[in-house]
Amino acid sequence: MTIIRVAHPGADYDVLVGGLGEALPRLEVRSGGHRLPVISDQRVFGLHGDRLAGVVLPDPILVPEGEAAKGWPTLASIVDQLARMDIKRGTPIIALGGGSVGDVAGLAASLFKRGCPIVHVPTTLLAQADSAIGGKTAIDAAGQKNLVGTFHHPLLVIADPTFLDTLDSRQLRSGYAEVVKYGLIDDPDFFAWCETYGDGLLAGDGDLRRTAIEHCVRAKARFVAADPDDTAGTRALLNFGHSFGHAIEAVAGHRVLHGEAVAVGMVFAFAFSVELGLCPAADADRVRAHLQAAGLPARLGDIGLTGRGAAILTAMLTDKKAQASGLTLILARRLGEAFVARNVDLPRLAAFLERQT
Ligand SMILES: NC(=O)c1ccc[n+]([C@@H]2O[C@H](COP(=O)([O-])OP(=O)(O)OC[C@H]3O[C@@H](n4cnc5c(N)ncnc54)[C@H](O)[C@@H]3O)[C@@H](O)[C@H]2O)c1
Ligand SMILES: [Zn+2]
């Protein structure tokens, strides 16, 4: 088991990467031996719930699968069930599932009785490599992705790569997009690693999965420590591909997975950087080629959004990150060097999006 410490003012926490069996005793220490409430979805709990037997209360709180969990009805239902179970303030709540479960469970935990600790047991590649770390919680509201949320840093994160053995290949690829993101933003060597080993990781090699998860957790821990509440601008790089990606999710609805939208978004961020004369075209070509080779979408036609460039721009301008002062995007100077670009030239962006097929 590898232990990665995430530094956070007043609330450092550990991410344990490795076997759940080895990690659970640490959780039992934190819970004082009491059984804890668990929030999961039917599929994940059916497949893996028994791995938490003896640690969690017998009746799980089940939420809808996938993005559908991230809404007011689920949040209200979790709070109702925690109240009915008479969960005391301060009781750690376990989130067992992907990023959707983690986001809504984290939000509920941050609100219930003014805050209960959350323990993330992420079960997707996306959640293990990215979303379970960093303390962001969210639901979608008013048609906007992640509109309502809090910062609620976990007590502990347990990332066991063997959970990924039951994940379907589309979900795995979607998570892989966020893995590649860590190479693109500031680590060209890790991007090269992905080019060499990505196939093996996707095909099921447990050692490669574990290596990638540990690498991404360390990278995210660095970003989070430098900017815990996402105010300094450095953590913003983690949103690479996400302004485009969230807009694509808003236009496509739940048909497109988060990582798929981010994959197209990262290709767009590179292509637009090339168009502005900021980035070599060869770098953008390499990014597109790798994501396509990994079976991810790289253009609007791949996700059924041909001709929807204008709608994507509109969604980008209503996204919560579009400040009154102008649109801020994360762009690239080269492979492995992303930066925050403020006051993006909107007519050029509109023309760029119109041309995407
Ligand atoms: N909080 C953050 O910092 C952050 C970062 C990135 C993404 N996110 C959010 O994460 C969400 C996406 O999460 P996700 O990609 O993990 O998918 P998900 O949580 O939406 O889960 C997708 C599907 O995979 C199934 N599943 C999960 N684990 C499984 C397993 N081990 N075996 C079989 N099936 C399994 C689930 O039942 C569900 O049907 C998005 O809403 C995104 O906005 C949050
Ligand atoms: Zn993301």
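Predicted model: local features only at pLDDT ≥ 70, side-chain atom pairs only at ≥ 80, totals over all residues.
**Close-up views of a zinc site and its helices**

H242 is buried, and H258 is buried too.

**View 1. Three side chains hold the zinc ion (ligand 2).** The donors are E178 (OE), H242 (NE2) and H258 (NE2). They coordinate the ion at 1.9 to 2.1 Å. Along the chain, the donors are spaced as E-x63-H-x15-H. H242 sits in helix α9 and H258 in helix α10, so this pair ties together parts that are 16 residues apart in sequence.

**View 2. Helix α9 crosses helix α10.** Helix α9 spans residues 242-252, and helix α10 spans residues 258-275. Their axes come within 7 Å and cross at roughly 135°. That angle makes α9 oblique to α10. The crossing is right-handed. From α9, the contact uses H242, F244, G245, H246, I248 and E249. From α10, it uses H258, A261, V262, V264, G265, F268 and A269. By class, the residues of this α9 and α10 contact are 7 nonpolar, 5 polar and 1 charged.

**View 3. Helix α6 also meets α10.** Helix α6 covers residues 169-186. The axes of α6 and α10 come within 7 Å, crossing at roughly 35°. This crossing is left-handed. On the α6 side, R170, S174, A177, E178, K181 and L184 make the contact. On the α10 side are H258, G259, E260, V262, A263, M266 and F270. The contact of α6 with α10 has 6 nonpolar, 3 polar and 4 charged residues. Two residues listed here, E178 and H258, also coordinate the zinc ion (ligand 2).

Methods. Residues numbered from 1 in each chain as written. Chains lettered and ligands numbered in written order. Heavy atoms only, no water. Axes fitted to C-alpha atoms, helices over the stretch in contact; angles between N-to-C directions. Helix = DSSP H or I, 4+ residues; strand = E, 2+ residues; numbered from the N terminus. Parallel < 35°, antiparallel > 145°, perpendicular 65-115°, else oblique. Left-handed = near helix turned anticlockwise from the far one by under 90°. Contact = heavy atoms within 4.5 Å. Nonpolar A, V, L, I, M, F, W, Y, C, P; charged D, E, K, R; others polar. Donors = N, O, S within 2.8 Å, 3.2 Å for Na, K, Ca; no water. Buried < 20%, exposed > 50% of the residue type's maximum accessible area, 1.4 Å probe, protein only.
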